Amino acid sequence: MAYDYRKLRGRIIEKYGTLKDFAADMNWSERTLSLKMNCKVFWKQPEIMKAAKLLEIPSCEVMEYFFSQNVQCN
């Protein structure tokens with residue numbers, strides 16, 4: 001299942017300016033963040049909670065940022 005991280009990417013840019021700076025605060029390489037943002041590696045629950053805290057995402061909005069399905073209509 002693919003997830004749509006466009007909203008998350010926008011929030012990262014809004015708060016950090018670059019994905020690289022966010023990756024650094026997560027203690028990740030840019031490659032690790034890229035793999036997660038491109039649905040090649042899944043986010044773990046503690047990572048989601050840390051990212052939400054860093055990005056100031058309210059807990060009631062976590063689903064919108066991390067679990068939006070990438071829906072393709074034919």
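Aspartate 4 touches Tyr65, Ser68, Gln69 and Asn70, leaving aside residues up to four places away in sequence; contact here is heavy atoms within 4.5 Å. This is a predicted model, in which local features need pLDDT of at least 70 and side-chain atom pairs count only at pLDDT 80 or more, while totals for chains, interfaces and linings use all residues. Residues are numbered from 1 along each chain as its sequence is written, and side-chain values use heavy atoms, with hydrogens and water left out.

Aspartate 4 sits in the segment before α1. Helices are DSSP runs of H or I with at least four residues, numbered from the N terminus. With a relative accessibility of 17%, aspartate 4 counts as buried; the cut-offs are under 20% relative accessible area for buried, over 50% for exposed, and partly exposed in between, using a 1.4 Å probe and protein chains only. The side chains of aspartate 4 and arginine 6 are joined by a polar contact of 2.5 Å. A polar contact is a pair of N or O atoms within 3.5 Å; within protein, one must be able to donate a hydrogen and the other to accept it, and residues adjacent in sequence count only if both atoms are side-chain atoms.

Next comes α1 itself. Leu8, Arg11, Ile12 and Tyr16 are buried in this helix. They sit on the same side of α1, because they cover an arc of only 100° around the axis, the arc being that of the directions from the helix axis to the C-beta atoms. Arg6 and Glu14, on the other side of α1, are exposed. The cover over the buried residues of α1 includes α2, α3, α4 and α5.

The largest nonpolar core has 20 residues, and Leu8, Phe22, Trp43, Ile57 and Phe66 touch the most other members. At least two residues of this core come from each of α1 (6–16), α2 (19–25), α3 (30–37), α4 (45–54) and α5 (62–66). A nonpolar core is a set of buried Ala, Val, Leu, Ile, Met, Phe, Trp, Tyr and Cys residues joined through side-chain atoms within 4.5 Å. In soluble globular proteins, nonpolar side chains tend to be buried together. Not counting residues up to four places away in sequence, leucine 8 touches Met37, Trp43, Leu55, Ile57, Tyr65 and Phe66.

Over in helix α4 lies isoleucine 48, which counts as buried at 6% relative accessibility. Its contacts, again without residues up to four places away in sequence, are Trp43, Val62, Phe66 and Phe67.

Glycine 17 follows α1 and has a positive phi, near 90°. This glycine 17 is in the loop between α1 and α2 and counts as partly exposed at 43% relative accessibility. Its C-alpha atom is separated by 20 Å from that of aspartate 4, 13 residues apart along the chain. Most residues other than glycine have a negative phi.
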